[in-house]
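Please read them with the structure in view.

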4 protein chains.
Amino acid sequence: MDLVSFRETAERYSVIFLDAYGVLKSSTGLIDGALETVSSLIAAGKEVFVVTNDSSRSPESMAERYAQQAGGQLLPPERYISSGLLAAEYLEKQIPYGKVAYLGKPESAHYIEIAGKIPVPVADCTAKDNIVAIALLDDEGFDWFRDVNSTLNLIRRTNVPVVVANADITYPMRGNDIAIAVGSIGRLLSDITEKTFVRFGKPDSMIFAYALARAREQIPKVTKRDVLFVGDTLRTDIVGASTYGFDSTLVLSGNTLPERADLVIRSSGIIPTYISESIAT
Amino acid sequence: MDLVSFRETAERYSVIFLDAYGVLKSSTGLIDGALETVSSLIAAGKEVFVVTNDSSRSPESMAERYAQQAGGQLLPPERYISSGLLAAEYLEKQIPYGKVAYLGKPESAHYIEIAGKIPVPVADCTAKDNIVAIALLDDEGFDWFRDVNSTLNLIRRTNVPVVVANADITYPMRGNDIAIAVGSIGRLLSDITEKTFVRFGKPDSMIFAYALARAREQIPKVTKRDVLFVGDTLRTDIVGASTYGFDSTLVLSGNTLPERADLVIRSSGIIPTYISESIAT
Amino acid sequence: MDLVSFRETAERYSVIFLDAYGVLKSSTGLIDGALETVSSLIAAGKEVFVVTNDSSRSPESMAERYAQQAGGQLLPPERYISSGLLAAEYLEKQIPYGKVAYLGKPESAHYIEIAGKIPVPVADCTAKDNIVAIALLDDEGFDWFRDVNSTLNLIRRTNVPVVVANADITYPMRGNDIAIAVGSIGRLLSDITEKTFVRFGKPDSMIFAYALARAREQIPKVTKRDVLFVGDTLRTDIVGASTYGFDSTLVLSGNTLPERADLVIRSSGIIPTYISESIAT
Amino acid sequence: MDLVSFRETAERYSVIFLDAYGVLKSSTGLIDGALETVSSLIAAGKEVFVVTNDSSRSPESMAERYAQQAGGQLLPPERYISSGLLAAEYLEKQIPYGKVAYLGKPESAHYIEIAGKIPVPVADCTAKDNIVAIALLDDEGFDWFRDVNSTLNLIRRTNVPVVVANADITYPMRGNDIAIAVGSIGRLLSDITEKTFVRFGKPDSMIFAYALARAREQIPKVTKRDVLFVGDTLRTDIVGASTYGFDSTLVLSGNTLPERADLVIRSSGIIPTYISESIAT
């Protein structure tokens, strides 16, 4: 396993897609040196986007959070591409007008609102509500015991699509701890009910196609070969980007620990184009 | 469950994507009336494409086969979009020059050849071959006992990407029989080795994006809303098309039996936009 | 699907094993007629045992609860065989003295105490505790969000056996509602950590062997052929009992709804020896 | 990870259960020193049994094979306990008289014959045969492509129990190669049909209970504490034996490679009581 400099690698590409958790930030704030790297990529004329499975808040709210941590705007809201945007597009186009029961913080309901539907927390759903869809948006903002059980029975009683707006299994926390992401709650409920849910986010290629289309609004003739995707997780970021046709850099500043990288690459069979310690290198 | 006329439904869309097995053809030939429907769709100015997880032969060979059965060209080769084309693109762009070990008939090696790589049947691979990838293309053309076991050990011994060019689990045969598709062989080997493979085909959205891009070459301003996807399988065709943003018709001429359709829709939670007996209706 | 009288069926067997939830009781109390049937079985000289995956309380506490609902002792404590007893035996014999971190109500810690180990709720575990095992006992008595996440990280940080004392996926609630059982939490954590847990309870045959051994204390020459197992769940009770060699009655008073019984038997491939509406029939 | 001498460990137990593949033999014959260890265990008065998931031949045939390789009887036939015997007991007691369709070599049909049923190779089954069960016995003796597909359709068309007489996923071959065991074929077919099969063999505890009962015929008062189980596979031998209450020795002469043992113990969470290089040590 050879580590290469991220900044040198990035010089060869005109579009850089960065995962958020584990690449730009950790649970305690921005990753050391991330701000400087992003600034220098922009200064060098690269088109930089954040491409994340996080559907817990709007792009505007994401931009604001990074701005607080960075002491100034890192990237404007339209540069944050969340799997929540794909879920919103689905809810807008494929689902009739009505109430969407959701799991998540009130902020996550943003993706239901921009789809023109009415968000109702699962805890507030009654048998009389004629819901048109169920959306799993975030792992926080509700009582797991009560509301995951309620969601289970809601799924069993109704025959409406269940949308999982974040395909992640876990996300990194302080130290080497991790937390269960809403994608795992989706898998649990899908296993129990034996129903197929509508899932958005890496490794499915839709978010990569969406991001590429947004990059084309900046550079019309850009192709997959001009893109470098940077992520910290082999089973979502790297295999997804590679399948879609992007070169990829695995960074060791998040889910993939430096001392285990060599082993998990070999045991998973997923091979990134490059490996770097972090985007600061 | 209300059945609607397929032809009337199709009038509202300018692009029609048809799955192959169970929609256009069965194991015994073209589905009754399929030829007439395709002709009338073309006559009405619709852009018609076949979108299939079949990677066992080239688009040219597919076009020829349909022509034989239809007594004249059904659609030209460039109208056949196979998951094999995505696998070929991946092999071309993401894999260095060299030998690709494959499972499948010699015809299926087409997708390795157009990627500029050297196809070698798994049975002919020796320990000395420095293979650059392993490709699962088709369920026929090899000795299952010997070659599936050889593939297993090849995957364990090497650390190269394993490409599954057809995500299908089964395909329909004569009567109500089914056959195990190469996607199931991929799942078996992935479960045993605990490695992640690079999979192409429905329900992943990449093939839908690819097909839409091809339709745009004909009608530049076409959007997802102008497309109707027609398939016989809920868990690949319908959930995939719906997630990507296409309206969908489930036909009951293939994997989904008419007498079970209502039940499987309810138990799977996958809801097509329309249901039709077949495309002949 | 032919329904038979449970009481007539039971006449042919000398040992009757009854599942608890869905057979003897529902979430609202004893199932109608269950008390009378148990009394008449005992009066007829049958050896009656309750065989349950419930590890949330001790046999003594179970006996007391039924006594309250029945207005008098239904069965003495030694007639309640819980998967918790198997977990306790494992903790006693296979695990060294020390602290066992557990998920569940304080009552469920009974099974750790009788194993001679020190129960510590997961929420009270600190990094300094040298725990010797982790036990998932019950789905209640803790904060899911906080404690399931803590358990996940505890499993990742330590290398001690994880015991799941209840293999159930769900259990029936009021109406047709269900609740997520601790077995599902075990499956979620096992999937995320990719570790193998030590699981107790139906359908694994150990609890059936344990119950048979206990019946032999009453009737020394009893064989598997003398036993009728009565359960409401195909995938745990019926397939497990049948694999072990017991005849089985599926009752339709719990997890398997009368209107769906025929379908789920056919689609699951699990065939009970008999089907009865409830044990009251 | 501390390696201990197997012979010294064995001194503390009166009953020794040995897995076959990877403990006693490899694909090329008896493991070096295995014969001497077995002889010395017997000479020391230990009760020695082979406990295996192999259902490809009868205990008599197993005994004969070992005798050929050892140049004299290793153990008499009644000391070979195969998961096939459990499957035979099930077929005898739970299945009515009739034809049982099977996958495997003709020798494996032994387990159907001793159950008093009529074995019919899947390839010879016609729609007119009223089969009473389907048995997956062995990975050899049939044409995989034709017969695994036939078995799939047989399972779908009929509603009879499907017995998997060997729960193993793979077995070791020459060098570090492995081969797909019939348990994997069972998992593939069960995944496709979504049916629950009746599975026999480690890690389910039934075979351990069966073996203990056989040991009791020799030493009536023997308990679980007197037994040492020796296996080469963590996920079947070790977790199963430990769950049932046997102490266990993991040997590194089969599926678990010496250089990976430490890692797989930590990553699997399965902890053997002892680890030895082989039973020869």
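1. Polar contacts between chains A and B. This is a predicted model. Across the interface of chain A and chain B, 15 residue pairs are in polar contact, with both partners at pLDDT 80 or more. On the chain A side, four elements each supply at least two residues that touch chain B: helix H4 (83-94), strand E12 (198-199), helix H9 (234-244) and helix H10 (261-268). H9(A) gives the largest share, five residues. Sorted by class, the side of chain A that touches chain B has 13 nonpolar, eleven polar and eleven charged residues.

2. Extent of the A–B interface. The contact involves 35 residues of chain A and 35 residues of chain B. Together the two chains bury about 2,700 Å². Of that area, 45% lies on carbon and sulfur atoms. Three residues stand out on chain A: Gln94(A), Thr196(A) and Thr243(A). They supply 21% of the area that chain A buries against chain B, more than any other three residues.

3. Salt bridges. How many salt bridges are there between chain A and chain B? The count is two.

4. Leu18 in chain D. Leu18(D) belongs to strand E1 (residues 15-18) of chain D. Is Leu18(D) buried or exposed? Its relative accessible area is 0%, so Leu18(D) counts as buried. Leaving out residues up to four places away in sequence, Leu18(D) touches Phe6(D), Val23(D), Leu24(D), Val38(D), Val48(D), Phe49(D), Val50(D), Val51(D), Val230(D) and Ile279(D). Thr151(D) is another matter. It sits 133 residues from Leu18(D) along the chain, and the C-alpha atoms of Leu18(D) and Thr151(D) are separated by 33 Å.

5. Cysteines. A disulfide is a covalent bond between the sulfur atoms of two cysteines. How many disulfides does the model hold over all chains? The count comes to zero. Cys125(A) has a relative accessible area of 17%, so Cys125(A) is buried. Cys125(C) is at 18% relative accessibility, and therefore Cys125(C) also counts as buried.

How values were computed. Residues are numbered from 1 along each chain as its sequence is written. Chains are lettered from A and ligands numbered from 1 in the order in which they are written. This is a predicted model: local features need pLDDT of at least 70, side-chain atom pairs count only at pLDDT 80 or more; totals for chains, interfaces and linings use all residues. Side-chain values use heavy atoms; hydrogens and water are left out. Contact means heavy atoms within 4.5 Å. Buried area is the accessible area (1.4 Å probe) that two parts lose on being put together, summed over both. A salt bridge is a side-chain nitrogen of Lys or Arg within 4 Å of a carboxyl oxygen of Asp or Glu. A polar contact is a pair of N or O atoms within 3.5 Å; within protein, one must be able to donate a hydrogen and the other to accept it, and residues adjacent in sequence count only if both atoms are side-chain atoms. Ala, Val, Leu, Ile, Met, Phe, Trp, Tyr, Cys and Pro count as nonpolar, Asp, Glu, Lys and Arg as charged, and the others, Gly among them, as polar. Buried means under 20% relative accessible area, exposed over 50%, partly exposed in between (1.4 Å probe, protein chains only). A disulfide is a pair of cysteine sulfur atoms within 2.5 Å.
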